[in-house]
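Student: Can we go through this model together? I'd like to talk about the sheets and the helix packing.

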Amino acid sequence: MGSQWRKVKLALGMKCVYVPRTIENDDSTPERASADALLSPATPSSHWSKLSKSIRRSSKSTCSICLSTMKRGDGHAIFTAECSHSFHFHCIASNVKHGNQICPVCRAKWKEIPLQSPSLDPPPGRARITPVDWPQNDALMTVIRRIPPPRPNSNRHIMPLPQAPEPAVFDDDESLDQRTAIIDRSSSNTNIADNDFQRTIKINTFPEVPAVTQSDSYDNFAVLVHIKAPDTGSGKNPNRNQANLPQISQTPRVPVDLVTVLDISGSMVGTKLALLKRAMGFVIQNLGSTDRLSVIAFSSTARRLFPLRRMSDIGRQQALQAVNSLVANGGTNIAEGLRKGAKVMEDRREKNPVASIILLSDGQDTYTVSGSGANKQQPNYRLLLPLSIHGNDSAAFKIPVHSFGFGMDHDASSMHSISEISGGTFSFIETESVIQDAFAQCIGGLLSVVVKDLQVCIECIDPTLCINSLSAGSYPNRMMADRRTGFIDVGDLYADEERDFLISVNVPVNFSSNETSLLKVRCVYNDPLTKKHTVTLESEEVRIKRNEIAGQGMVSIEVDRQKNRLQAADAMAQARSAAEQGDLAGAVLILESCRRVLSETLSAKSGDRLCVALDAELKEMQERLASRHVYEASGRAYILSGLSSHSWQRATARGDSTDSASLVGAYQTPTMTEMLSRSQATLLGSPSAQRPVRSVWSFASQPKRR
């Protein structure tokens, strides 16, 4: 079934243009019928001629750019190209104006294109997309310009038409919609107990063992700190606008400012670009009216396609139109794309509570790192990020960049470094047709942020104790000079997300008491939904019993599980380092040794699912180290995406992330699962696709035991 699913999604990318489902397109429309027929594995070959006719009929009833229905006599001019596909005249004219001279549906090169009269351009500050209820003057929309035949020696890539110069400052972001402001609480600094409405995070602590003898001392006694974010209240509001699609929670959430930085270099031509447009269509359709989006397209240079706009009906139309106008050509200038993406965020006049950048590239930067004169063995990938993202001072402007390596030829090291430096995640899209699922998982998290600026403080209680180490993965952490207090900067948490940190302390001899108090944990964060700042929550003290005679209690499986995760992540990092130095055999041995150690742990012997999945993941990495060619093609990216996931404890895409044999179900939250299911439903175009994603289950959601 998995291979059939991959073939179907690949076929969709090569043969079809993604048309997100709208209210106008229900199951009774030709669009839905043709989609169902296309995706049926049992469709006989004799039906393909009827199917193609059905698809052509559906393209005439729906504009593939604005996704609105087309009817004769409704006041809108309709342009029918020589390939027989039809569009609203104002949509396709603007599409051509942005440099696209091929059919958005079948990719056929046109000999004649629509050219909109300059008199129809709206005045500055007005949307260029004409709302469906505006009157049209058909007489002004009849100009057709013939494209001259290409010269024999012309570039095979179509160059975009000239566009108006960009403003020097990107302060033209659309104002936030104050009428739909989220719940506001007047108090700016209130303790948890003062407000029953306040949704709180949960703190649990687990000592390595519950008791030790009075005469024993330990240099590295482990204590696990487990943090879980509040949920979204799914199911409390059953409102369903699109009953046939899996539903994202309708409960209040904070709006998002999202900038997508998209690679449209020459290597993206064809299927890759078509799949990217379809995935962006899904993102646009699933952002709310209070969310804002801006798109940066880069190749040899970078250009902002449209300002940061709310995804209202008109905003979605403009976004879809701009994305559909993309044409692949030129080189790969990642640094310039990120510079413009960061500039959109930095120059905005107003700010939504959550902000993030999504970066997608299928190639290697050919302008900044390779031409910088830096050591090619250890290139300085920080040069790809603007100072506003990776500034060293505490006042630096910081926006996480979630990077997506697309296909086999991208530079996984640079993409991973970009995400690691900025606080984002790195995903490896090995199977190109799952790009929409990868985007869906990412925005499923971004649209569910419930905790902002979380900081975890660990304090020693017993005066003889000190902290030896904080195992926090990629999260910044520090200790005070006396080593009795430590801090971990966690940042934002999605709804239901969980974080586990291992704290190592010394446990001294204690003959004077039957109990030793070790630690207490304090969390300080902002609740973006209630706009409550400096929320403080403290855990109970972590204590262990001191027995007079030997006989420790049972080792905590929660602590053992997290030790395994950290050990596996460390083995991945060591194996990657060995592979980069050309020692593939040594890298395989490192992973094999880690698997042997894990197999002897309490978690493995008890059948812990995380331990089982870690072993399978390490084995997969061993197979991707079989040769230098295999490692360069996929091994490096697979290892780095795994490292990103385990070090941030956040879901990333690897390979075909929707296969039943997927190993990347760890850290997925319910909202990610819902968005993935929604993505699959739109691809399948059938209510039968509403089943949950088969590989989705969270290791962190297993019940905790004391």
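Tutor: Let's start with a term: contact means heavy atoms within 4.5 Å. Helices (H or I, at least four residues) and strands (E, at least two) are DSSP runs, numbered from the N terminus. This is a predicted model, in which local features need pLDDT of at least 70, side-chain atom pairs count only at pLDDT 80 or more, and totals for chains, interfaces and linings use all residues. Residues are numbered from 1 along each chain as its sequence is written, and side-chain values use heavy atoms, with hydrogens and water left out.

Student: OK. Which residues of α5 meet α10?

Tutor: From α5, the residues are L275, L276, R278, A279, M280, F282, V283 and N286. They meet I435, Q436, F439, A440 and I443 in α10. The residues of this contact between α5 and α10 divide into 10 nonpolar, two polar and one charged. Here Ala, Val, Leu, Ile, Met, Phe, Trp, Tyr, Cys and Pro count as nonpolar, Asp, Glu, Lys and Arg as charged, and the others, Gly among them, as polar.

Student: At what angle do α5 and α10 pack?

Tutor: About 30 degrees, with the axes of α5 and helix α10 (residues 435-446) 8 Å apart. Axes are lines fitted to C-alpha atoms, for helices over the stretch in contact, and angles run from 0 to 180 degrees between N-to-C directions. So α5 and α10 are roughly parallel to each other. Angles under 35 degrees count as roughly parallel, over 145 as roughly antiparallel, 65 to 115 as roughly perpendicular and the rest as oblique.

Student: And is the crossing of α5 and α10 left-handed or right-handed?

Tutor: Right-handed, as α5 passes α10. A crossing is left-handed if the near helix is turned anticlockwise from the far one by less than a right angle, and right-handed if clockwise.

Student: What sheet does α5 pack on?

Tutor: That sheet is an open one of six strands, in the order β10-β9-β8-β11-β12-β13, with mixed pairing. Two strands pair if DSSP finds at least two bridges between them. The edge strands, each pairing on one side only, are β10 (302-310) and β13 (426-429). From one strand to the next, the twist averages 15 degrees. Helix α5 (residues 271-286) touches β8 (256-263), β9, β11 (354-361) and β12 (401-406), and its direction makes about 175 degrees with that of β8.

Student: How many bridges between β9 and β10?

Tutor: Six, in the antiparallel sense. In β10, R304 is the bridge partner of I296.

Student: Other sheet now. What is the strand order in the one with β18?

Tutor: The order is β5-β7-β18-β15, an open sheet of four strands with antiparallel pairing. β5 (202-207) and β15 (467-471) stand at the edges with a single partner strand each, so one side of each has no neighbour in the sheet. The twist averages 20 degrees from one strand to the next.

Student: How many bridges join β7 to β18?

Tutor: Nine join strand β7 (residues 218-228) to strand β18 (residues 498-507), and the two run antiparallel. Y218 has V507 of β18 as its bridge partner, and F221 stands opposite V505 in β18. β5 and β7 pair over six bridges, also in the antiparallel sense, with T205 opposite V225 in β7.

Student: Which helix lies across β5, β7, β15 and β18?

Tutor: Helix α11 (residues 557-580), running at about 100 degrees to β18. α11 also packs with helix α14 (residues 609-623) at an angle of about 10 degrees, with the axes 10 Å apart. α11 and α14 are therefore roughly parallel to each other. R561, N564, R565, A568 and M572 of α11 make the contact with L610, C611, L614, E617, L618 and M621 of α14.

Student: Switching to charges: how many salt bridges does the structure hold?

Tutor: It holds 31, a salt bridge being a side-chain nitrogen of Lys or Arg within 4 Å of a carboxyl oxygen of Asp or Glu. D173 lies in the loop between β4 (144-146) and β5, and R292 in strand β9 (residues 292-298), so the pair ties together parts 119 residues apart in sequence.
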